[in-house]
Amino acid sequence: QVQIVESGGGLVQAGGSLRLSCAVSGSGFFVHTMDWFRQAPGQQREMVAEYHADDTTAYAGSVKGRFTISRERGKNTAYLQMNSLKSEDTAVYYCRVGAGGRWDSRDYWGQGTQVTVSS
C-alpha cells in the first residue's frame, strides 16, 4: 500500500523560503512520478510542479524561477524548495504520487501541508 507523508509547511513572511518534503513508504510498487499541487481557499486545486519519470520537470508559470522540485529516488522522497514566497502562495500543498507496477500507474494523494505567507 502506498503511504504518503508531507511535511515542511508553516508560516513565513513574504520573501522568505520553505522546503516541503514528500516521503513515500510501502512495498510492492514502483514510484513513477511525484508532483506538487496546491489549493487555496475557494480555489480549485492547481499543479505547482511536476517531476516526471524521465527526470524532467515542469512548473506552473506563477512559480517558475522561484520554486524547485527535486527527488531522491533511493528514498522515494520529493522536495519542493520555495523561495521568494508571496502572499498568493498561501495554500494547502499536496503531494501527488504516480505509483504501480512497472508499466502501469495510478495517482495517490497525501494529506496536505499548510503554507501561509504573511505580507
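**Notebook: strand 4, its neighbours and Glu46**

I began with the pairing of strand 4 and strand 5, and found five bridges between them, in the antiparallel sense. A reminder to myself: this is a predicted model.

Next I looked up a residue pair across these strands, and Met34 turned out to stand opposite Tyr51 of strand 5. I then followed the chain through the hairpin of strand 4 and strand 5, where six residues lie between the strands. Gly42 in that hairpin takes a positive phi near 75°.

I turned to the pairing with strand 9. Strand 4 also runs antiparallel to strand 9 (residues 91–100), and nine bridges join the two.

How many residues of strand 4 are buried? I found seven of the 10 in residues 30–39, so I wrote the strand down as mostly covered, with buried meaning under 20% relative accessible area.

Then I went to Glu46, which has its place in strand 5, residues 46–51.

I checked what Glu46 touches, leaving aside residues up to four places away in sequence, and got Phe37 and Arg38. With Arg38 there is also a polar contact between the side chains, at 2.7 Å.

Last, I looked up Glu46 and Tyr94: they are 48 residues apart in sequence, and their C-alpha atoms are 9.7 Å apart in space.

Definitions and conventions:
Residues are numbered from 1 along each chain as its sequence is written. This is a predicted model: local features need pLDDT of at least 70, side-chain atom pairs count only at pLDDT 80 or more; totals for chains, interfaces and linings use all residues. Side-chain values use heavy atoms; hydrogens and water are left out. Helices (H or I, at least four residues) and strands (E, at least two) are DSSP runs, numbered from the N terminus. Contact means heavy atoms within 4.5 Å. A polar contact is a pair of N or O atoms within 3.5 Å; within protein, one must be able to donate a hydrogen and the other to accept it, and residues adjacent in sequence count only if both atoms are side-chain atoms. Buried means under 20% relative accessible area, exposed over 50%, partly exposed in between (1.4 Å probe, protein chains only). Two strands pair if DSSP finds at least two bridges between them.
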